[in-house]
Amino acid sequence: VLLGDIKSGIKSITKTEWETVPSFFENITKLIDTILVPGNHDANIEKLIPNGITLASSKGIIIDDILLTHGHTMPSENFSQVNTIVMGHIHPVFFQKESLINGERVWISIKCKKQKIFHSKSGELEVIILPSFNRYFYATQKKFYKKSISPIIEKMDVIQAKIVTLDGTIIGNEQQLSSVI
């Protein structure tokens, strides 16, 4: 399941994307069944998708009790039975000048009040934010980093958080959240 932003252009398809995106999909479908949940950069992506790719709604898909979504839209109450949201969109990066891992991509796991996201429910919800998997598609210096806005992140009431490096080392908690998202 790919959680969006397969291409870079927001409103159009660039010449490079016409050349590379179909090839990417053709190669990946040789290896595994693929579902794409479109992101905010994926306008007209259906023109680039070969047969064999499942194009899901931009709102996301549910597998078991997990909502897989890009993260640029607010999930509807129809998804309120989930206990976990896995999303992209934010592209979190750890910035701390004196740190050896300054500028590194990170995972974020947040436990929050479910009612803030799904008004009809109570309890806790886990939101997992994926790092960008394209190492060339994120800023390594804070002055070039532009935070993405997500309605999910804006609405949540954080109870607890973990910030984790790509190799699995926990490097922070809810107190450092504002420095990575």
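Predicted model: local features only at pLDDT ≥ 70, side-chain atom pairs only at ≥ 80, totals over all residues.

Q: Is Thr-69 buried or exposed, and why?

A: Thr-69 counts as buried because its relative accessibility is 2%, and the cut-off for buried is under 20%.

Q: Which backbone oxygen does the side chain of Thr-69 reach?

A: That of Lys-59, at 3.2 Å. Beyond four places in sequence, the residues in contact with Thr-69 include Leu-3, Val-37, Ser-58, Ile-85 and Ile-152.

Q: What about Ser-80: where is its place?

A: Ser-80 belongs to the loop between S4 and S5. With a relative accessible area of 9%, Ser-80 is buried. A polar atom of its side chain lies 2.9 Å from the backbone oxygen of Glu-77. Not counting residues up to four places away in sequence, Ser-80 touches Lys-114, Phe-118, Ser-120 and Lys-121.

Q: How do the side chains point along a strand such as S8?

A: In a regular strand the side chains alternate between the two faces of the sheet. In S8, residues 124-129, one face takes Leu-125, Val-127 and Ile-129, which are buried.

Q: In which sense does S8 pair with S5, and how does S8 run relative to S7?

A: S5, residues 84-87, pairs with S8 in the parallel sense over four bridges. S7, residues 104-113, runs antiparallel to S8, and six bridges join the two. Glu-126 of S8 shows both pairings: Glu-126 is the bridge partner of Thr-84, and Lys-111 stands opposite Glu-126.

Q: How many residues does the largest nonpolar core have, and which have the most contacts inside it?

A: That core has 24 residues, and those with the most contacts inside it are Ile-85, Ile-110, Ile-129 and Ile-181. The elements giving two or more residues to this core are S5, S7, S8, helix H2 (151-155) and strand S9 (158-165). S7 provides the largest share, four residues.

Q: Which residues is Ile-110 in contact with?

A: Setting aside neighbours within four places in sequence, they include Leu-125, Val-127 and Ile-129, as well as Met-156, Val-158, Leu-177 and Ile-181.

Q: What does the second core include?

A: The second core is separate and has ten residues, among them Ile-13, Phe-25, Leu-36 and Ile-53.

How values were computed
Residues numbered from 1 in each chain as written. Heavy atoms only, no water. Buried < 20%, exposed > 50% of the residue type's maximum accessible area, 1.4 Å probe, protein only. Polar contact = N/O pair within 3.5 Å; in protein donor to acceptor, adjacent residues only side chain to side chain. Contact = heavy atoms within 4.5 Å. Pairing = 2+ DSSP bridges. Core = buried A, V, L, I, M, F, W, Y, C linked by side-chain atoms within 4.5 Å.
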